[in-house]
Number of protein chains: 6
Amino acid sequence: MIRALVIGRFQPFHLGHLSMVKKVIEDCDKLIIGIGSAQFSHSTSNPFTAGERHLMISRSLEDEDIFDYYLIPINDLSVYSEWVAHVESLTPPFDTVLSNNPLTQRLFQEKGYSVREVPFFNRKEYSGREVRRRMIAGENWQELVPGGVAEVMDEIKGVERIRQIARADRYVE
Amino acid sequence: MIRALVIGRFQPFHLGHLSMVKKVIEDCDKLIIGIGSAQFSHSTSNPFTAGERHLMISRSLEDEDIFDYYLIPINDLSVYSEWVAHVESLTPPFDTVLSNNPLTQRLFQEKGYSVREVPFFNRKEYSGREVRRRMIAGENWQELVPGGVAEVMDEIKGVERIRQIARADRYVE
Amino acid sequence: MIRALVIGRFQPFHLGHLSMVKKVIEDCDKLIIGIGSAQFSHSTSNPFTAGERHLMISRSLEDEDIFDYYLIPINDLSVYSEWVAHVESLTPPFDTVLSNNPLTQRLFQEKGYSVREVPFFNRKEYSGREVRRRMIAGENWQELVPGGVAEVMDEIKGVERIRQIARADRYVE
Amino acid sequence: MIRALVIGRFQPFHLGHLSMVKKVIEDCDKLIIGIGSAQFSHSTSNPFTAGERHLMISRSLEDEDIFDYYLIPINDLSVYSEWVAHVESLTPPFDTVLSNNPLTQRLFQEKGYSVREVPFFNRKEYSGREVRRRMIAGENWQELVPGGVAEVMDEIKGVERIRQIARADRYVE
Amino acid sequence: MIRALVIGRFQPFHLGHLSMVKKVIEDCDKLIIGIGSAQFSHSTSNPFTAGERHLMISRSLEDEDIFDYYLIPINDLSVYSEWVAHVESLTPPFDTVLSNNPLTQRLFQEKGYSVREVPFFNRKEYSGREVRRRMIAGENWQELVPGGVAEVMDEIKGVERIRQIARADRYVE
Amino acid sequence: MIRALVIGRFQPFHLGHLSMVKKVIEDCDKLIIGIGSAQFSHSTSNPFTAGERHLMISRSLEDEDIFDYYLIPINDLSVYSEWVAHVESLTPPFDTVLSNNPLTQRLFQEKGYSVREVPFFNRKEYSGREVRRRMIAGENWQELVPGGVAEVMDEIKGVERIRQIARADRYVE
């Protein structure tokens, strides 16, 4: 039995993420998708709650008839040395970690895990940062995300939120 | 759109839980299943990690072809007044809470949620406490849980763990 | 300048507390009233939030034309060795601590504070425990508390809450 | 009954704050003044403890014969989604939130609160940042704060502290 | 290179602990002594701070010319699944764990460590509980501890503290 | 009895630290060496765990036949007002604090401690920052640290770690 773990912030889940999931899920029995920085929300770089991101990802994968995954919120810890144990306690046991982040790679390697690179496509355009920038600027962000994400964004008034919060970044106390 | 939330500790998930899920899922578009006391494990009353319980529940529901649910670990907080907001941040938005616990009911009611009782069947036998007692005593616990739970218990060596921990309860420092 | 500190849980503030405050406030320029176990609420022994207790105490003291006090919520810490520093950071500087609890007395004495006993009257009847018991039992609790506390209890539906929570104590998982 | 909430860091409380309080307190029965970032002190941007700020504000408002307020320390949380519930547990119930910070406005609006702008006068000069700058530079900061704040600053040796800490900002490990 | 880890609460360090250390230190290059429940103090079962226990142990081992050890405070975590990683981050790498506590044994075994029983002598008399009982009762506790521990107890007024705290256990709020 | 406290991050322990310890240990009965920012590791500025730093320091001092010290990990707190109490609970009682950091100096002075400057030699070259820079750049870092530190670095594969993590600093999400 092969289970692989991939962790992202998914702020929000976009077509690059979807394409990545489709590719890596072929090679494993079950893919564990960790929603990273789960405790953060309502900032311009982390606008959406873990629950809202859970909804976006589930909806998008359901629309693609993908069900062989576990979706699990994972908090950031500032104590890096305990983070792998933290992840292990929240997820089903897994064999392989997929990550391009050298710190994540190192932390899992030191605990004996096998680590592989994640295949990403066109990272410049299909990035959370670009989607958020377009939301704030009033440009076309919808073309970068699955239809399910746009639906959820409507339900949670996500664009209204990120625009309001973006003004807070310029707020002088 | 109707989403309902039900929270349990699922230590472990048993046939009473399964029967409850089957009943309540009929009345909602999606059922949000919260794995409560998520941070606790390795004690006789909370032997299994959130990740292990995630695996048990997913496996059992997959075997029943049930997919219209979200499964989400939820930590206990000792600060009860912040707990509903904590739950809200981790889950998709929901309308209704299913719970028989008067404290849980009160906390959600004070935040304006509609609360309903959970239909349970034969709570004396189909209870986490009874399953754990049988595991420790070496009796037939398998008949109280779905087949998927027994499989996971094998994979994670769960019975070996709870028996060893039970000795710790009698350990004198 | 003499400032004294007295800490109570005030679950709820009752006539015994009021009588104590009237007595000790005569001997100091300002009395610092700490609302202890501030983070806890919604349990049978700690039913009311820090904010609700703040309101009860302010209302009761205003009705008595008492204004020479500071009212400050103070969380419990399980790390006792840091608790005095925690209190110091939340309160104006003070000279004297009023407490009958030997642990509280010890913690402040080890940091060099002068500690004095608190004069309490008829502790058996005028106790938070007795007020809460009467609320749950449907007996006359109003005669044990200042009028302002009864008003606040109405506003926050406090009796309804403690009765509902009391059922949780008998709830079997 | 109308209660309004306004939250500031008050590092330190200055004449702009005092003028704001006088204005908004006319429109409400009681004003709840939250001392924000309560846990932070001893840095150049947050030099004073919550208790010291409590003393400064009480002294200044007493000198103005203002008593219709509640003064409550409120910790910052990094988990924004739980912050409103955190505030609610510490304060008496309130109807309206006064804030110019778009993030604060958003957080309270999402929980259903009515939010209004705070009227501030001459924000460039009457700002905590300017008072602190003058303290460090040895310029006239006293003209920017109420007399009570200057008294407290003497009692707690506040200017000595901020000057010493300012040297830490230039300290190379 | 062989390093072994043994964890105790050492409330206080007594002759049974000393005898155990002498025995196990023979079999390893370096013994890592973890001071468990490090954050707790000022209660009847955990009266002494981690720093005070550090002093007691160092003094006692120095008197015996024992130096081949590392002495490290280790906090209790309620999240058991992260505790081994927590210990690992605080200690030099080790091969073997010495413990008689089935929970501790299980936690380290699940992370792949070899675990061995600790040889204790006359546990009924030489126990922290008995030493503390004698301190409170005014009986001869000195005969149960190394001379260095009695010296430290004098320096920190430890007996005075535990007696005062013992009265708190009978304190009614 | 004179005990002095000095706190450093020791990332890693270098010849400047060693020279400082040798100098200050002459003036005290016992030197308490606090390993600061103990909870942090696996970043380019804090690459090594508290346990690894414990090992480096012990090994280096043992090689110099220095034993009159206590070595204690100390976590950073963001709540500065509680930090001195935190340190006090972890260490044996002490009289004097050695520090060049104005914030550390202030915090201990406000609690009544005597504070002295630390004599450092050639801080530009003998600095943790320079050692880490050379490790990442592949230059000669060994000449800046005691032999014991280089040995430990081999055992824990420390250079491999910091180089891998340094790539994470350039990682774009």
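Colleague: What rotation and what shift along its axis superpose chain A on chain B?

Modeller: Two copies of a chain are related by a rotation about an axis and a shift along it. In this predicted model, chain A is superposed on chain B by a rotation of 180 degrees with 0.0 Å of shift along the axis (RMSD 0.0 Å). The superposition is by least squares on the C-alpha atoms of residues with pLDDT of at least 70 in both copies. The two copies are thus related as by a two-fold rotation axis. In chain A, the C-alpha nearest the axis belongs to A:Ile72, at 3.4 Å from it.

Colleague: How many residues of chain A are in contact with chain B?

Modeller: Two residues are in contact if their C-beta atoms, placed from the backbone, lie within 7 Å. Here, 16 residues of chain A are in contact with 16 residues of chain B. The same surface serves both copies, since 100% of the contact residues of chain A recur in chain B.

Colleague: Which elements of chain A each supply at least two residues of this side?

Modeller: Helices (H or I, at least four residues) and strands (E, at least two) are DSSP runs, numbered from the N terminus. The elements are helix 2 (50-63), strand 3 (69-73) and helix 3 (83-90) of chain A. Helix 2 of chain A gives the largest share, 5 residues.

Colleague: How many residues of chain A are in contact with chain F?

Modeller: There, 8 residues of chain A are in contact with 10 residues of chain F.

Modeller: Residues are numbered from 1 along each chain as its sequence is written, and chains are lettered from A and ligands numbered from 1 in the order in which they are written. Local features need pLDDT of at least 70 and side-chain atom pairs count only at pLDDT 80 or more, while totals for chains, interfaces and linings use all residues.
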